[in-house]
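Me: I would like a close look at a single part of this model. Keep it brisk, and give the cut-offs as you go.

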Amino acid sequence: MENDLIICRCEEITKSEIIASINEGYTTVNDIRRRTRAGMGFCQGKTCERLVQQIIAQQTGQNLENILPSTKRPPTRPIPIAAFAKGSDEIEMKSKTRA
């Protein structure tokens, strides 16, 4: 029953899925993330990453302090350069006058 506990709410990953992955040899948070998608949901691991670290520590006998968090990457989405420029109104005006 405890192994049916949902660890990652966003991706609905259970404790038993994480333990199965650890038993297959995936023993880092990044490994578990890639294998199960735990931490890849909307919250990006803010609610489950610490729990995954604790499960890894329990299953492998490592100290919790030695288990590194996952590497974070910003979301990738095309953004026009003008969005970063100061005076974006001026950019819009220049592009309209050129047309």
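How many residues does helix 3 have, and how far does helix 3 reach from its first C-alpha to its last?

Reply: This is a predicted model, in which local features need pLDDT of at least 70, side-chain atom pairs count only at pLDDT 80 or more, and totals for chains, interfaces and linings use all residues. Residues are numbered from 1 along each chain as its sequence is written, and side-chain values use heavy atoms, with hydrogens and water left out.

Helix 3 has twelve residues and reaches 16 Å from its first C-alpha to its last. That is close to the 16 Å expected at 1.5 Å a residue. The expected span is 1.5 Å times one less than the number of residues in the helix. Helices (H or I, at least four residues) and strands (E, at least two) are DSSP runs, numbered from the N terminus.

Now the setting. The protein chain has four helices and two strands. Along the sequence the pattern is β-β-α-α-α-α. Buried residues make up 28% of the 99 residues in the chain. Buried means under 20% relative accessible area, exposed over 50%, and partly exposed in between (1.4 Å probe, protein chains only).

Which residues of helix 3 are buried? They are Glu 49, Val 52, Gln 53, Ile 55, Ile 56 and Ala 57. These buried residues pack against strand 1, helix 1 and helix 2. An α-helix has 3.6 residues a turn, so residues three or four places apart point the same way.

Next, the core. A nonpolar core is a set of buried Ala, Val, Leu, Ile, Met, Phe, Trp, Tyr and Cys residues joined through side-chain atoms within 4.5 Å. The largest one has 15 residues. Ile 7, Ile 18, Ile 22, Ile 32, Val 52, Ile 55 and Ile 56 touch the most other members. Two or more core residues come from each of strand 1 (6–8), helix 1 (15–23), helix 2 (29–36) and helix 3 (49–60). Helix 3 gives the largest share, four residues. In soluble globular proteins, nonpolar side chains tend to be buried together.

Take Ile 22. Leaving aside neighbours within four places in sequence, Ile 22 is in contact (heavy atoms within 4.5 Å) with Thr 27, Ile 32, Ile 55, Ile 56, Gln 59 and Thr 60. Then take Lys 15, which lies in helix 1. Lys 15 counts as buried because its relative accessibility is 10%. Not counting residues up to four places away in sequence, Lys 15 touches Glu 2, Asn 3, Leu 5, Ile 7, Ile 55 and Gln 58. Across the protein chain, among contacts between residues at least 6 apart in sequence, 44% join residues at least 24 apart.

What follows helix 3? Just after the helix, Gly 61 takes a positive phi of about 80 degrees. Glu 65 sits in the loop between helix 3 and helix 4. At 67% relative accessibility, Glu 65 counts as exposed. Glu 65 and Gln 53 are twelve residues apart in sequence and 9.1 Å apart in space, C-alpha to C-alpha. Ile 79 also has its place in the loop between helix 3 and helix 4 (88–98). With a relative accessible area of 47%, Ile 79 is partly exposed.

Arg 37 forms a salt bridge with Glu 11, the closest N and O atoms being 3.3 Å apart. A salt bridge is a side-chain nitrogen of Lys or Arg within 4 Å of a carboxyl oxygen of Asp or Glu. Arg 37 is partly exposed, with a relative accessible area of 41%. Glu 11 is partly exposed too, at 26%. The whole structure has three salt bridges. One of them joins Glu 24 and Arg 35, with the closest N and O atoms 2.8 Å apart.
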